[in-house]
Amino acid sequence: MEEQLVQLLSTAQSAQETPRRQAEEQLESLYGRQDLPIGLVSIASHDSVPLNIRQASLLYLKKLVLAGWNPQFDEYKGQILVLDEGKAHIREALLTLSTTDQLDRKIKAAASVVVSKIASVDFPEQWPNLLPRLMHIIPTGSDGQIHGALKVLGELVDDSLNEEQFFGVARDIVKVVYDVALNEARKPTLRALAISVFRSCFDILEMVMEDHKAAVKAFADEVLSQWMPFFINVMKTRLPDPPTELEENEDAPNAEAYRGLVSLKLQAVKVLMRIRSVFPSMISPQSLVLFSATWDELSSLQLAYHQMYIEEERQSRLEDADGLPYTLDFLVLEELDFMQACLRAPPVKAELQQQLQNSPGTDGTWVTEVMKLAVAYAQITTEEEGLWNVDVNIFLSEETSVTANYTPRTACGDLVIKLGEWLKDATVEGLLSYTRTLYTTTESWKAKEAALYVLNMLLTDFSDVDKTISLEAATGFIDFIRYAMQQPDPFLRARGYLVAGSLVRVSGDALQQVATSFLETCLHAISNEDSDVVQVSCIRALQHYLQALPPAITQPLQTPIISAVSNYLQGQDMQDLAESDDLMVTIIETLRDAILLDPRICITGNGLDLLFTVASHGANNFQLTMLVNETFEEVTTTIARMGGDAYINLCAKVLPSLTGAFDIGNLTEENALTNLAADLLSVLAERGTEPLPQGFVQTTMPKLTRLLLGSADEELLKSATMAVKNILAHDHQQLFEWRNEEGKAGLEVVLMIVGRLLSANVNDHAAGEVGALAAEVVEKAGHERLGPHLPELLRAVAVRLGTADHSAFIQSLTLVFARLSLNHAGEVVDFLATQDIEGVNGLQLVMAKWLENSINFAGYDEIRQNVIALSKLYDLKDHRLTQILVKGELIVNQGNGQIMTRSRARANPDQYTAIPATLKILKVLIVELQSAAGIARDLDAAAAAELAEEDSDDGEWEDEVNPFADLSSTFTKEQLMAYAAADEPMGRQRDDETQGFLVDFFKRASTTPGFEEEFAALSPDEQARLRESAA
């Protein structure tokens, strides 16, 4: 069988799809044969089999284990595929393979993963000797055996041990890995792997600390008292000189040793970071020593880092087969982060503060030295320089911080930002002092660019939290910015333009005279620069000027700015540009800011045309389309408010482009472009005047009708539905008077659209807005116009509501009945009570869906309408509503102590009580009463304040550490509080109107028959809320 398996595994890696798929199917067809797992282990153990086939055999063995070893796996297929008689052999063979000497690391890694998966369900009951075997191998085995055992142990700690099992063996685990880590006779890579296993222990400790705080802290204190001297020693140990590029490429012994030592130091720093996040108070006493050691090492590594990455182009961001990083850039990055974290430790802060007080001036202080360090590591690497020269979009993504590529350069920016949060003025002065020194030397352009880059990061942070810098400091940087703008290197010039914009943005009115000059220079460069990087930087920098400077300065330049962007675009291949998402977004953002200086340019100039042109080539970019929609929404709103013919002229300007986009999108099958056009048309109608300009319906409805009756694109159907709904809401008269090419009246056409969207052929998401359209039809057409179509329409809505699963769609359909109930609650109940929908009474069906989903409704108007409608239904005191039973409270299942996997959850779904609809209405309205009072929002603000308090000053070095704080987070107290107090928070805001209505409703309801019985059926918490509202 092994020969057959080798052939199948080889074919399963083929680049040709058909043979690959056939091989995969044949492998799965062997599931259940008891010789399959044994054969796979055997193949992995054979040296004569190619490495990739051996790895593949272990990968398929893992899939087999997950599918049929034990029902506890989420991936379990419902049948045991490996019998107990064979399991013991497989476990033993895999453990032997994992701990074999002279075995390829990739095979060991793959085998250890399978061992871990099996151990997660078999250890300790079916595999009691697993951990003792590992504990025996690690102290006594060869390097190869220890490596395998550590890999398995690491996987066990990560994935298999529960808290009880871990605490039973924690001291033994920590002891064996400590002995390996401390043993300088072992390879540094082995010692690094041992430290990595130790770090994994903190994940378990953190999980159980809440329930066993005293025991966990006592254990951690005992362990760290042993490990901390070792970590300090590792931090203080200097790295040897790095290998040459040739030695690195040839994998010379000194190159291997260097990689091992880097990996060892890196794992030590990672553990210290982990300790600091879980047990900050335990590391705080050592923080000054660690901070000093880290600073010393970063200072000593500058020359090596500069040689390897700034001058040469060594390989970076590399990890070994065990997933351990080993390149110098990773070590520098980790140490920069750790240094930043140490800045907030009380002993470090106290010492640094004292030194600062003893210094007579800014020159030569430790702050200036930090700036020197930051500038050294913030220099553009040779790799980055090459990438940015080829693709300006990569440069821009780094610049706008949208990249996930966290490098020493960005870490230096974060370090200076953190320092600026603590010592704002000293940080600015220290950076200015070092920049003065730097610019008087013959240092390379990269160092001078790095100084301005760090400044830019600091200024951007100041802008985010509404801080400003002094006129003296701002003026001090101007000469360096002007110098940079005139240098031959494009990256230094680009940095000059970017920093100029940032400086103007955070200087208030102080630099207005200089700002005008900077703005004009920036504008000139867009059209006259040879470098793409400089042009793009200037386009981005324009945003800062347009947002910071008064209209008297910027508005006269509106047309030249739009022309400059237009000229830049004319020199670009739009197809290539469409691939550069960040550049497209930057261009749209700048156009937005320029257009909104005076939206009238959308009527008289080409600003909007340019915006649409860029958008048409980037319609697949979600962020870009959102920006275009928001810009157009603001433009339309502003112009509609102007009165006169302004809105009519806007429609005349944009409707040909929008309706033309429907045709282009249809011809090219470019759905994203058609979706964007439909979104913009919806905005144009929603924000427009009442009535709409004559001819609006005739121009738009034929295209929208074709889309809504023929398209299958979900997003397009939603957007087009909203467009028709907004047209109907703003000018139903024009719509009803319109006739299509076949002579059908507008109302009939809209009913056809609603009918198609309510049919089973259109899914919930695509039909998500049909409820809003149907409700608008009922409201605007009325009973007289609709005649017999009204009951047909309402029945169709009820039928579709019965099958709806998507929450937004349920809300949309429910609000058809809610809006009708505002004035005709009795008629709604009468109608639904007469309907039979596949054997279920219509009232039962609609009320069950309505009440089950009400508390999840979104939108203030929609929530208010729903609240009033439910109160109207309750006021009916209709016995038919009392007789309807709907979902009540969750019945808590105590369970049997097993972990609830997805498969168990599917087999044992949640159970609920059944309660009368009238009681459920009261429960829903009590929830809405609390939400309308803004209680959830108050809690959010309080939580944000607490988070901010924890994040401020020394909080991260106390025991009660913020569980949400990430060590690299740049959130400050100001940002958190601003977030909590934002105009449009994620939670509900206080709604006095709805709250007042509900208080009056409950006071009135409390005097009606049957309320006492219903009040008694409420939970104690619900009763308390009602009593509070009545107080």
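**Reading local features**

Author: Let us begin with D251, which is found in the loop between α12 and α13 (253-278). Please keep in mind that this is a predicted model.

Reader: What is the phi of D251, a residue other than glycine?

Author: The general idea is that most residues other than glycine have a negative phi. In D251, phi is positive, near 55°.

Reader: Where does D466 lie, and what is its phi?

Author: D466 lies in the loop between α24 (445-464) and α25 (471-485). Its phi is positive, about 60°, although D466 is not a glycine. The relative accessible area of D466 is 70%, so this residue is exposed.

Reader: Let us return to charge pairs. How many salt bridges does the count come to?

Author: The count comes to 46 salt bridges. One of them pairs R314 with E248, whose closest N and O atoms are 3.4 Å apart. This pair links distant parts of the chain, 66 residues apart: R314 is in the loop between α16 (302-311) and α17 (328-342), while E248 is in helix α12 (residues 245-249).

Reader: Why does R314 count as buried, and how does E248 count?

Author: R314 counts as buried because its relative accessibility is 6%. E248 has 22% relative accessibility and counts as partly exposed.

Reader: Which side chain meets that of E852 in a salt bridge?

Author: The side chain of K887 does so, with 3.1 Å from N to O. E852 lies in helix α45 (residues 842-853) and K887 in strand β3 (residues 885-891), so the pair ties together parts that are 35 residues apart in sequence. E852 has a relative accessible area of 37% and is partly exposed. K887, at 32% relative accessibility, also counts as partly exposed.

Reader: Which residues do salt bridges that share partners join into one network?

Author: The network consists of E399, R409, E449 and R495.

Reader: Which residues gather in a patch of negative charge on the surface?

Author: The patch brings together E163, E164, E210 and D211. One of these, E163, has its place in helix α9 (residues 163-182). At 38% relative accessibility, E163 counts as partly exposed.

Reader: I turn next to the peptide bonds. Which form does the bond from F123 to P124 take, cis or trans?

Author: As a general idea, most peptide bonds are trans. The bond from F123 to P124 is cis, its omega being near 0°. P124 lies in the loop between α6 and α7 (130-140). A cis peptide bond also joins E690 and P691, where omega is about -5°. P691 is found in the loop between α37 (671-686) and α38 (696-710).

Reader: Which residues does S196 touch when the same exclusion is applied?

Author: S196 touches Q267 and L324, not counting residues up to four places away in sequence. S196 lies in helix α10 (residues 188-209). With a relative accessible area of 14%, S196 is buried.

Reader: Finally, how many residues apart in sequence are G86 and L596?

Author: G86 and L596 are 510 residues apart in sequence, and in space they are 73 Å apart, C-alpha to C-alpha. The place of G86 is in helix α5 (residues 84-98). G86 counts as buried because its relative accessibility is 16%.

Definitions and conventions: Residues are numbered from 1 along each chain as its sequence is written. This is a predicted model: local features need pLDDT of at least 70, side-chain atom pairs count only at pLDDT 80 or more; totals for chains, interfaces and linings use all residues. Side-chain values use heavy atoms; hydrogens and water are left out. A salt bridge is a side-chain nitrogen of Lys or Arg within 4 Å of a carboxyl oxygen of Asp or Glu. Helices (H or I, at least four residues) and strands (E, at least two) are DSSP runs, numbered from the N terminus. Buried means under 20% relative accessible area, exposed over 50%, partly exposed in between (1.4 Å probe, protein chains only). Patches are made of residues with over 30% relative accessible area and no salt bridge: like charges are joined within 9 Å, nonpolar side chains (Val, Leu, Ile, Met, Phe, Trp, Tyr) within 5 Å. Accessible areas come from the Shrake-Rupley method with a 1.4 Å probe; for residues, only the protein chains shown count as cover. Lys and Arg count as positive and Asp and Glu as negative; His and the chain ends are not counted. The place of a charge is taken as NZ of Lys, CZ of Arg, CG of Asp or CD of Glu. Contact means heavy atoms within 4.5 Å.
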